[in-house]
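Here is a structure to talk through, one label at a time.

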Amino acid sequence: MNLLVETGRKRSGKDYLAQALIDNGVRGFSEVIRCSFSDELRILANELYPWCPAFPEDHLKDVPCPHPDNLLGLSPRALWLRLADDNDMSLRKIDGKLLVNRFIARWEDRIINETDKLFVITDLRSADEVAWLDNLRKNIQFVIIRIIDDRNPDVRKASVKEDDFENYLGTIAVDHEYYHTFNDESVFAYIDSVSDMYGK
């Protein structure tokens, strides 16, 4: 078992907890590697429009990319939405599995064959992604954890804007739920729980 899958609403701390696993390691694995379905969108946007950085700093995601070829003055986030949101011009409307198939091509063989590494998917969010995981269970075992923001309800509500993806998340079957309180104690408790589940 060398795959951990995280799901949960935006800003629930999935990437933060994954980075903690990377920084601290998990017993029995030579390395912890983060992978993400949404990264495929960022990489695709950068391939199509090199003026759009694949991984801009957080404060630049909503700032228009300063380039003469950016005729609409789009920010990285605005371009990502154009490519893969539910708008009529979206590439995902042409092929709903576009990003999943790119993820599979980049990661599936590695996940199956590099058993000394723990791969952490940080953003399970769609039915196509769930279908791929269901098929993958024929080859490997893994755990799906729903990360839940367990801070003050007012803080939690202010940090999340609902959309169709967010609403779908509650329907995904998971093996465990983890209530994250965004402090050191919560982070290290998560590391310990993953090490207990996966440690060899």
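In strand 3, V120 is the bridge partner of L4. Keep in mind that this is a predicted model.

Q: What makes strand 1 and strand 3 a pair?
A: Two strands pair if there are at least two bridges between them. Strand 1 and strand 3 have four bridges, in the parallel sense, so they pass the cut-off of at least two. Besides L4 with V120, T7 stands opposite L124 in strand 3.

Q: Why are strand 2 and strand 5 said to stand at the edges?
A: The five strands form an open sheet in the order 2-3-1-4-5, with parallel pairing. Strand 2 (31–35) and strand 5 each have a single partner strand, so one side of each has no neighbour in the sheet. From one strand to the next, the twist averages 25 degrees.

Q: What makes strand 1 largely enclosed by the rest of the structure?
A: Five of its five residues are buried, so strand 1 is largely enclosed. Both faces are covered, with L3, V5 and T7 buried on one side and L4 and E6 buried on the other.

Q: Why is H180 called buried?
A: Buried means under 20% relative accessible area. H180, which lies in strand 5, comes in at 0%, so it counts as buried. Its contacts, leaving out residues up to four places away in sequence, include Y16, L17, I147, D149 and R151. Also among them are S186 and V187, two residues that are themselves buried in helix 9.

Q: Which parts do the buried residues of helix 9 pack against?
A: They pack against strand 1 (3–7), helix 1 (14–24), strand 3 (117–124), strand 4 (142–149) and strand 5 (176–180). The buried residues in question are S186, V187, Y190, I191, V194, S195 and Y198. As for direction, helix 9 lies across strand 1, strand 3, strand 4 and strand 5, and runs at about 160 degrees to strand 5.

Q: How do you know that the span of helix 9 is close to the one expected?
A: Helix 9 (residues 184–198) has 15 residues and reaches 21 Å from its first C-alpha to its last, while 1.5 Å a residue leads you to expect 21 Å.

Q: Why is I43 called buried?
A: Its relative accessible area is 19%, and buried means under 20%, so I43 gets the label. I43 sits in helix 2 and touches A54, F55, R102 and R106, not counting residues up to four places away in sequence.

Q: How many aromatic pairs does the structure hold?
A: Six.

Q: Why is the pair of F37 and F103 called tilted?
A: The ring centres are 4.2 Å apart and the planes stand at 35 degrees. Stacked needs under 30 degrees and edge-to-face over 60, so what falls in between is tilted. F37 lies in helix 2 (residues 37–48) and F103 in helix 5 (residues 98–113), so the pair ties together parts that are 66 residues apart in sequence. Both are buried, F37 at 2% and F103 at 0%. F37 and F103 also form one aromatic cluster with W132.

Q: What makes Y49 and W51 a tilted pair?
A: Their planes are at 45 degrees and their centres 5.6 Å apart, so this pair is tilted. W51 is buried at 15%, whereas Y49 is partly exposed at 33%.

How values were computed: Residues are numbered from 1 along each chain as its sequence is written. This is a predicted model: local features need pLDDT of at least 70, side-chain atom pairs count only at pLDDT 80 or more; totals for chains, interfaces and linings use all residues. Side-chain values use heavy atoms; hydrogens and water are left out. The expected span of a helix is 1.5 Å times one less than its number of residues. Buried means under 20% relative accessible area, exposed over 50%, partly exposed in between (1.4 Å probe, protein chains only). Contact means heavy atoms within 4.5 Å. Axes are lines fitted to C-alpha atoms, for helices over the stretch in contact, and angles run from 0 to 180 degrees between N-to-C directions. Rings of Phe, Tyr and Trp (its six-membered ring) pair if their centres lie within 6.5 Å; planes under 30 degrees apart count as stacked, over 60 as edge-to-face and the rest as tilted.
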